[in-house]
Amino acid sequence: MALSKDSCITLTDGYKIPIIALGTFSPEVLPKTTEDVKEKGVGTRKTSKETAYEATKLAIKIGYQHIDGAHLYGNEENIGLAIRDKIADGTVKREDLFYTGKLWLTFLKPEYVETALKKTLTALQLDYINLYIIHLPISLKFGENLTPVDENKRFIYDKADLCAVWKALEACKDAGLVKSIGVSNFNRRQLEMILNKPGLKYKPVCNQVECHPYLNQKKLLEFCNMHDIVLVAYGILGSINVDTDWRNLSASPVLHDPVIGKIGQKYNKSPAQVCIRYTIQRGIVAIIKSFTPKRIEENFQVFDFQLTEQDMKEIDGLNKNLRYWDFKPLADHPEYPFHDEY
């Protein structure tokens with residue numbers, strides 16, 4: 001597969017999604033414990049904003065065309081400013097950039113979907129975004145608190161009709177607020193629920209999920225390919241240094257795996273670059289989160305080498321079905337997606 005910095009995958013609705021994205025999630029937005037949820041809401045967000053602005057500007061300058069964001073991250077105003085600054089200085093045109101936003105759990109009712117999307121558009125100060133996806137198939141109580149808890153510090157769930165939410169997303173696409181619509185963290189059963197919805201107008205163009213050599217999502221990828229749904233991968237570099245109940249803290253880092261290291265040495269590439277190349281060679285969109293200038297640049301230097309079929313098989317053999325992001329505080333919700341096999 002010939003890949004370049006301009007490589008895209010064509011979505012079922014005809015739009016194209018760039019194969020590499022800058023991830024803008026910052027660990028500070030997630031609570032460490034449910035006690036932190038009660039005390040701090042969604043976290044401190046102290047580094048998320050200014051660093052997201054600088055990282056986004058640098059990424060666009062380097063050649064990234066895809067920025068992956070979310071209302072939860074609390075930094076869309078800064079990312080929007082960075083996008084507008086790079087358009088204003090002539091680096092890019094709006095039509096050259098692809099922005100992904102996410103519908104958060106407290107807005108999973110049909111009547112809140114457009115409101116939530118307009119919050120993102122207002123924060124970004126853009127007329128439209130390219131892709132809007134359901135962040136997780138789990139509904140929390142509507143309100144300004146993005147992680148509502150009761151007096152026992154348990155999350156306050158709400159019942160979500162995902163098919164009705166999808167219909168509201170279709171209306172946002174028809175209104176021109178977003179070009180494409182998709183989902184995130186959906187399992188096969190939940191995808192089938194949308195695909196089999198009576199009166200379906202637009203099927204999900206993508207499913208954004210954790211995917212890396214220790215969780216290669218082979219079965220889910222096959223299912224998505226069968227239905228022309230693009231798999232978008234987050235967490236492709238494996239473990240990140242954040243102490244939170246939302247993450248599996250016992251998992252060993254994929255970047256320390258000797259097989260990845262050996263393959264990297266063969267091409268004079270870092271373990272991170274090998275993981276990125278492995279992802280995009282599988283036809284999966286890679287979201288790479290870094291706010292470090294050197295790494296933002298290095299993570300984009302993956303188009304001057306190609307893994308062999310044997311390399312790909314060796315990395316496939318590392319699969320452990322291991323999740324770094326298991327969202328365990330939400331595991332008692334009936335639509336928690338990770339109880340299913342895939």
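## Contacts of I134 and the nonpolar core

In this predicted model, I134 is in contact (heavy atoms within 4.5 Å) with L103, L108, V165, W166, L169, G182, V183, S184 and F186, leaving aside neighbours within four places in sequence. I134 is also one of the residues that touch the most other members of the largest nonpolar core, along with I20, L103 and L330. That core has 109 residues; a nonpolar core is a set of buried Ala, Val, Leu, Ile, Met, Phe, Trp, Tyr and Cys residues joined through side-chain atoms within 4.5 Å. Buried means under 20% relative accessible area (1.4 Å probe, protein chains only).

Residues are numbered from 1 along each chain as its sequence is written. Local features need pLDDT of at least 70 and side-chain atom pairs pLDDT 80 or more, while totals for chains, interfaces and linings use all residues; side-chain values use heavy atoms, without hydrogens and water.

## Helix α6

Helices (H or I, at least four residues) and strands (E, at least two) are DSSP runs, numbered from the N terminus. Helix α6 spans residues 188-195, and Q190, L191, I194 and L195 are buried in it. These residues lie on the same side of α6 because they cover an arc of only 140 degrees around the axis, taken from the directions from the helix axis to the C-beta atoms. The buried residues of α6 pack against helix α5 (162-174), strands β9 (178-184) and β10 (206-210), and helix α7.

Conventions
Buried < 20%, exposed > 50% of the residue type's maximum accessible area, 1.4 Å probe, protein only.
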